[in-house]
Amino acid sequence: MQTPTITAEGHQLPTALEPRNPGMALDLDWVRTAQANTSAIERRAKTLPGRRSVKKDYQAAWLCKAISLIDLTTLSGDDSEGRVARLCAKAKQPVRADILDALGMQGLTTGAVCVYHDMIDTAVSSLKGTGIPVAAVSTGFPAGLSPYHLRIAEIGESVKAGAEEIDIVITRRHVLQGNWQALYDEMKEMREACGDAHVKAILATGELGTLRNVARASLVCMMAGADFIKTSTGKESVNATLPVSLVMIRAIRDYYDRTGFRVGYKPAGGISKAKDSLVYLSLIKDELGDRWLQPDLFRFGASSLLGDIERQLEHHVTGQYSANHRHAMA
Ligand SMILES: O=C[C@H](O)COP(=O)(O)O
């Protein structure tokens, strides 16, 4: 891949903002005919990590791009104001200043910070004036099995507290029982409860049984107005995978082809290696195109990816320094 166009304002949205997905009526014929050819998907997914699509020279730029697309996350039972404030400081300056200077990437930030409801206040005040949005997980995250009216109310509380993005969890049972109407109604009500906040629908794909269910649930959530579809909570035993990503990305492409609305994609859970982030970015570029490589249409949900990217960038810059030094001494 060529070097991405990334500015110091990497987190800022493109000037021509994507209109929000208004959704559509539930089209059961489309949902029921959606298929996923598991063996073909798995074959294709296996080839992805081996492809050398990011040239070494461009890797640092792509890794900076990946940083600008991270929802920097902490979702632990022992989260505290101090931890969230430190996370926000990291979101504002994700990499050491000297490394950013060497790369010409001053001002780079992560795409957002993602926390539980209780931590929204701290995140909002820590990020004030930066333009970095706060995302809150909601609706009884991660299982989504608390009383329905409380799940809807939780969304309103988080929006009131200042979250600009709400990551809801769907009821997996609706998918496993093929109850598409119930999934559609739930998603639609959750989207309405978000008001102006963007809604990401977490499918918890590791609990949906089949790739065909993943394809169908993706479509139903988009039809009901999800702005993003997201793989996982990070708490299931199987989280983001490449086969699941291919299925969801292709559902997004089908939805765009039929409706003209672009829905975002958020792989989440277990993505912790810089090289994996590059595989995801090249997958998005191949399957959906450059427009989806912007923070309004793509995010990594990740708690530890940034650390590995930072190490790689440090290595890149240090290596570059010694190469320059050797050159100067010759
Ligand atoms: O939505 C984000 C995930 O919970 C993060 O998962 P992770 O801790 O495996 O990176």
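## Ground rules

A residue counts as buried if 20 or more other C-beta atoms lie within 10 Å of its own, exposed if 12 or fewer, and partly exposed in between, with C-beta atoms placed from the backbone. Helices (H or I, at least four residues) and strands (E, at least two) are DSSP runs, numbered from the N terminus.

This is a predicted model, where local features need pLDDT of at least 70, side-chain atom pairs count only at pLDDT 80 or more, and totals for chains, interfaces and linings use all residues. Residue numbers start from 1 along each chain as its sequence is written.

Look at β4 (residues 165-169): five of its five residues are buried. Glu-165, Asp-167 and Val-169 sit on one side, Ile-166 and Ile-168 on the other, so both faces are covered.

Strands pair here if DSSP finds at least two bridges between them. β4 runs parallel to β3 over three bridges, with Ala-135 opposite Glu-165. β4 also runs parallel to β5 (residues 198-202), this time through five bridges, and there Glu-165 stands opposite His-198.

Together, β3, α7 and β4 form a right-handed β-α-β unit (with the strands pointing away from the viewer, the path from the first strand over the helix to the second runs clockwise).

## Helix α6

In α6 (residues 120-127), the buried residues are Ile-120, Thr-122, Ala-123, Ser-126 and Leu-127. They're on the same side of the helix because they cover an arc of only 165° around the axis (taken from the directions from the helix axis to the C-beta atoms).

After α6 comes Gly-129, with a positive phi near 80°.
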